[in-house]
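Student: I have a model open on my screen and would like to talk it through. Could you help me read it, one question at a time?

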Amino acid sequence: MSLLLALVLTAIFLLAGWKIGNQLSAPDFLLLPRPEVSATKILPKLQTAVPAAVMPVRQSSPDGRFEFNARFVSSSPGQAVHAASLVELRDGRLRAVWFSGSREGARDVVIKTAVMDAANLQWGEETTLLDRQQLQQGLWRYVKKIGNPVIARMPDGSLMLWMVNVSLGGWAGSSITWLRSTDDGLSWSLPARLVTSPFLNISTLAKGAPIFYQDGQIGLPVYHEFVTKFAEILRISPEGRVLDKMRVPGSQTSLQPVVLVNSAREAKIYMRSGKSTAVMASETVDAGKTWSATHATPWPNPDSALAGLVTTSGQQWLALNPKPKNREILALLQASAASSFEEAIPWVVESSPTPGKPFSVSDYERLLGDELRQQGASQAQIQADVASAKRQLCGPATCLQEFSYPYLLQSRDGCLHLVYTWHRSRIKHVRLDPRQVLQPDAASSVQRHAASAAH
């Protein structure tokens, strides 16, 4: 009897998970410029505490191809941090959100936030945006764990925050909760559940940035992990109600979709692969009414998240770990609107000094300590962060480096901002100018480094 009930529930879930309906017309995608608040609605500059520390470190990329500013976003040492996302505020500052706790999935995990001053690129002290108890009270239901916050500005100028939460089981039992802010994150509405299925309403997770349609609807890329894995695009009303959803065909085992919109009708989805060692992709030419069958791209993927965007000039960017195993290299790919990433040369942002070879524990401690010290961390902070990284990434004798879960944003000044997980113990921010030109004498060395990094 119990087996029969489980089979019935599974069948109901799979049917409900296919689609809510497809009766709605498919509006065109909203083209650049992206939704942003006019100057008449700019709020007074907020006062945020800025820790006494050195200015952001200006450094060259490991491949010598470009320079960037680098700075740690998170400021509480010793935490396990992950899944950061980013939004530009009305006065030009940036707000980041991420989850933080003793470990991923622990009951003490909270959603943290911090704000960066646009003038000096300094990040203020992190604060707690939401914890598990607050979420329980707002939803009137038990919450076991939380994760994966995604923040974005809506066409009406408000901020929306989506986040994953679980009441029963593991991440496969997830649902999505959303909150709205009309004052750039100073205060938030009560949390509300995003109802993606009339049955059970579980196993929907978010990671990628939303897209927007010309009629004001929101497209949220999501994925499922219960029974089978697949990617979807939810169409959400400005009021937060799910209107429709479309599963990406053949996306079994593909997770965490990232959508790049190239025209009013054309877009591409890139996905993390749960089983293959390649980035997976799908395309639409009818504004998402239909998508092509999922297929592998030439780029490797070590079962790791991606990030992407299309700039105001039409350039496509993708952030990824360009190796079939491990997350020890983080790179950016660049392509024009008319081309693909297949022939792109990686812009390497972070790399292990010895890709493919684990570090001894003592070398790992020294490596992390040197960078933390360069960023102005105290000895106590260094010890706490190194201990956190070792707890998550080290075995008895060796350690792996990890630079993962990227998120990309272009600010109004044209610069790209990349936030990502640094050794599972800090959220790191990189700011670069995409208009930088590769020097001819560096091209040959970049090609060699890119080839070794990707293969």
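Student: Which residues does L306 touch, not counting residues up to four places away in sequence?

Tutor: This is a predicted model, where local features need pLDDT of at least 70, side-chain atom pairs count only at pLDDT 80 or more, and totals for chains, interfaces and linings use all residues. Residues are numbered from 1 along each chain as its sequence is written, and side-chain values use heavy atoms, with hydrogens and water left out. Contact means heavy atoms within 4.5 Å. With up to four places on either side left out, the residues that L306 touches are K207, V258, Y270, M271, R272, V279, N301, A319, L320 and P406.

Student: Is L306 buried or exposed?

Tutor: L306 sits in the loop between β19 (295-300) and β20 (307-310); strands here are DSSP runs (E, at least two residues), as helices are (H or I, at least four), numbered from the N terminus. Buried means under 20% relative accessible area, exposed over 50%, and partly exposed in between (1.4 Å probe, protein chains only). The relative accessible area of L306 is 1%, so this residue is buried.

Student: How far apart in space are Y405 and H82, C-alpha to C-alpha?

Tutor: Y405 belongs to strand β26 (residues 403-410), and its relative accessible area of 8% makes it buried. Beyond four places in sequence, Y405 has contacts that include H82, A83, R272 and Y420. Although Y405 and H82 are 323 residues apart in sequence, their C-alpha to C-alpha distance is 7.2 Å.

Student: What separation do the C-alpha atoms of I329 and E350 have?

Tutor: I329 is part of strand β22 (residues 329-335) and, at 2% relative accessibility, counts as buried. Along the chain, I329 and E350 are 21 residues apart, and the separation of their C-alpha atoms is 5.6 Å.

Student: Which residues is S237 in contact with, leaving aside its neighbours within four places in sequence?

Tutor: You will find S237 in the loop between β14 (230-236) and β15 (242-247). S237 is buried, as its relative accessible area is 5%. Leaving those neighbours aside, its contacts are I218 and L243.

Student: At what angle do helix α3 and helix α4 pack?

Tutor: Two packed helices are described by the angle between their axes and the distance between the axes. Axes are lines fitted to C-alpha atoms, for helices over the stretch in contact, and angles run from 0 to 180 degrees between N-to-C directions. For α3 (residues 361-374) and α4 (residues 379-393), the axes are 10 Å apart and the angle is about 135°.

Student: How many nonpolar, polar and charged residues does the contact of α3 with α4 have?

Tutor: The contact is made by V361, Y364, E365, L368, G369, L372 and R373 of α3, together with Q379, I382, D385, V386, A389, K390 and L393 of α4. Ala, Val, Leu, Ile, Met, Phe, Trp, Tyr, Cys and Pro count as nonpolar, Asp, Glu, Lys and Arg as charged, and the others, Gly among them, as polar. By class, that gives eight nonpolar, two polar and four charged residues.

Student: Why is the disulfide of C394 and C399 right-handed?

Tutor: A disulfide is a pair of cysteine sulfur atoms within 2.5 Å, and by this rule the count is one. That disulfide joins C394 to C399, with S to S at 1.9 Å. C399 counts as buried, at 1% relative accessibility. The disulfide is right-handed because the torsion about its S-S bond is about 105°.
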